[in-house]
Amino acid sequence: MTRSTSSSPRRADERDRSSSPWSDRALPYLLIAPAVMVLLALSVYPLLYSIKVAFQTGSEGSLHWSLGNFTRLASDGFFLSALAHTFIYAVVALTFEFLLGLGLAVLLDRSLRGRSVFRAILLLPMMIPPVVVGVVWRLMLNSDFGAINGTLRSAGIDVSSLTWTASPKLALASVIAVDIWQWTPFMFLVLLAGLQAIPQEPYEAARIDGASPWQTFRHVTLPLLKPAILVGLLRRTMDLLRVFDQIFILTEGGPGFATETVSLYIYRAAFRFFDFGYAAAMSFVLLALTNIISVFYIRLLQNQEAA
């Protein structure tokens, strides 16, 4: 008797659900439809269209499908040079940002007076938009009236040869220095969060075993900090490989071709020479390289978590 009583409401609910109008069943799909349409319009359609453009060559009236845009990349010295500049920029900036961020994180992880103030000051460059940073540093690096040359000149240093963003030898180093100044706080923030998430028990065990501070840092801190390191490096690597705004404001890829990166070259090919197929092909090559490096970081992170 109890079993039949308990099953009857269930059957009644099933009948109500099966007999509910179509509009009730379609309501969830109607609610997410605007978001799906926006996603299709802003992400999926441009991606499919760019794939189509990348595989089309020829003039507007006689377009045909081919791999011409991709095979052209291998013989384009300007693209190879821009690719080299991009990797040099990424490797040098990433190395300095990681080392400086790690040093600052280790320093400010201790109990110091005014530690909160120092943290807030260190995070300020990261809060400024990259375009604003580029404009400010372009003025500061000006060889005639810039603050940097003015300070060096007041200290008695000859600055006649220090034409920072106008010198083929100094331009790339100058834009890398600006990126280091702005984005070292990001690495500092990620690594500091990783340090504060490490439990104290391994440090206590290391002190009991008589480990030196360097041994503790090498064998305890760095292995436990590796997930945070990989996350920070992954994010900054993706940003550095597609850098555009700061270099465009500071040097526009010059002088000559000294600071031209792949993103700048793509912009120039698409919007100055209107070679959209070639620009799309370069974009997919850059995307593929970024994905390969990202997968490498993710595999390392997964191996660390499994260990």
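**Close-up 1. Salt bridges in the predicted model.** Seven salt bridges (a side-chain nitrogen of Lys or Arg within 4 Å of a carboxyl oxygen of Asp or Glu) are present in the structure. This is a predicted model, in which local features need pLDDT of at least 70 and side-chain atom pairs count only at pLDDT 80 or more, while totals for chains, interfaces and linings use all residues. Residues are numbered from 1 along each chain as its sequence is written, and side-chain values use heavy atoms, with hydrogens and water left out.

**Close-up 2. The salt bridge of R72 and D275.** An N to O distance of 2.8 Å joins the two side chains. R72 belongs to helix α3 (residues 68–74) and D275 to the loop between α12 (262–271) and α13 (276–306), so the pair ties together parts 203 residues apart in sequence. Helices are DSSP runs of H or I with at least four residues, numbered from the N terminus. R72 is partly exposed at 36% relative accessibility, as is D275 at 23%; buried means under 20% relative accessible area, exposed over 50%, and partly exposed in between (1.4 Å probe, protein chains only).

**Close-up 3. Salt bridges around R236.** The closest N and O atoms of D179 and R236 are 2.9 Å apart. Because D179 lies in helix α8 and R236 in helix α10, this pair ties together parts 57 residues apart in sequence. D179 is buried at 3% relative accessibility, and R236 is buried at 2%. R236 also meets D239 in a salt bridge of 3.4 Å, N to O. Shared partners join E97, D179, R235, R236, D239 and R242 into one network.

Conventions:
Helices (H or I, at least four residues) and strands (E, at least two) are DSSP runs, numbered from the N terminus.
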